[in-house]
Amino acid sequence: MSELRDWPPGGTPGPGGDGVDKGSKARCSCRVWVFLVSLTLVFLTSLFFSASLRGGVGFNYLEAPGWEESRRVKLVPSYAGARRPSAAASSQQRTCECPRCVGDPGVSDWFDENYDPDVSPVWTRDNGQLPPDVYYWWVMLQPQFKPHSIQQVLLKLFQVVPGRSPYGSWDPGRCLRCAVVGNSGNLRGAGYGATIDGHNYIMRINLAPTVGFEEDAGSHTTHHFMYPESAKNLAANVSFVLVPFKTLDLVWITSALSTGQIRFTYAPVKQFLRVDKDKVQIFNPAFFKYVHDRWTRHHGRYPSTGMLVLFFALHVCDEVNVFGFGADGRGNWHHYWEQNRYSGEFRKTGVHDADYEAQIIQRLAKAGKITVFPGK
């Protein structure tokens, strides 16, 4: 009879038992080594990323000027501007000659606590250096894979467009009336055309056609707010106001007014843009964040273009009247040029909180800072 033999501990029967045991231990050691190396790589990657955000190691497109000088994140940036009422205006409690003036203090505590006239709505040579917290917030709205140096981009941009703000300080002897015209279907049949055209400034957003809609939406425009993907050619007397979401948008406007090199961002864009270069204005990212922090209070990922334009008007105008915002009389959300009034195209976009923004508009109206024309 054959003898029964015990297996070597941890091995297998037969002549190769000891070799297999050693191989098993080697594989185990290899796994432990790979695991430790992986943990080390994760740690180093995390450390590198943290260091980059603290200014130790930098990415060109994430380096805000002066980052090493100011590391405290501020709710709203301290920004030098020319809109703060003078001492004389404050003592008189009047900042304009209109019946009701946006800048008059003491009318609404809520408005006075949140309103900051020192945050300029226009990006210029003088305020081109963004506070670090503003820069990092803005650059992550639409992150880019291709880095752009913001300093170089702005330098080239302001060689093509003026790079200055055309708006002055409060004038107690002036009444600058502004119409902010949204794209709501409640304009259809409202007959606001003549009323809208009677304002000093008439601000429109994105597509906003007027031909064929003059009776309800008016025919005049002084400011047209767009981003690259919605841009269109404008008449010579209209200010093109670019609302940038990324540095590539600044590269695009420079290109569209000169070489025509940029044809695509995340979607096709106009290669060349026919607008008055001397009237081009750039919406200030610091003002963008100011609206997000102070007014919409982080409801939604960022404020809608309509909300940005409304607060732009509240910082450059004496009287602000609002048209074409919100739903129509039946509660439907659509554009005034759309045939399908039930499309609801801009009711819920996933990035804006339309309900909260509607509450802000109602509160501004209740405070006497704007007048809302409800439409039909």
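Analyst: Buried means under 20% relative accessible area, exposed over 50%, and partly exposed in between (1.4 Å probe, protein chains only); helices (H or I, at least four residues) and strands (E, at least two) are DSSP runs, numbered from the N terminus. This is a predicted model, in which local features need pLDDT of at least 70 and side-chain atom pairs count only at pLDDT 80 or more, while totals for chains, interfaces and linings use all residues. Residues are numbered from 1 along each chain as its sequence is written, and side-chain values use heavy atoms, with hydrogens and water left out.

User: Why is helix H9 called largely enclosed?

Analyst: Because 11 of the 11 residues of H9 (residues 285–295) are buried, the helix is largely enclosed by the rest of the structure.

User: What do those buried residues pack against?

Analyst: They pack against helix H3 (109–114), helix H4 (132–139), helix H10 (305–316) and H11, where contact means heavy atoms within 4.5 Å.

User: Switching topic, where is His352, and is it buried or partly exposed?

Analyst: His352 is found in the loop between strand E6 (319–323) and helix H11 (354–366), and it is partly exposed, with a relative accessible area of 24%. The unreviewed UniProt entry includes His352 among its "binding site" positions, although such annotations may be inferred rather than shown by experiment.

User: Which residues does His352 touch?

Analyst: Not counting residues up to four places away in sequence, His352 touches Gly300, Tyr302, Pro303, Ser304 and Glu357. Its side chain also reaches the backbone oxygen of Tyr302 at 2.9 Å.

Conventions:
A polar contact is a pair of N or O atoms within 3.5 Å; within protein, one must be able to donate a hydrogen and the other to accept it, and residues adjacent in sequence count only if both atoms are side-chain atoms.
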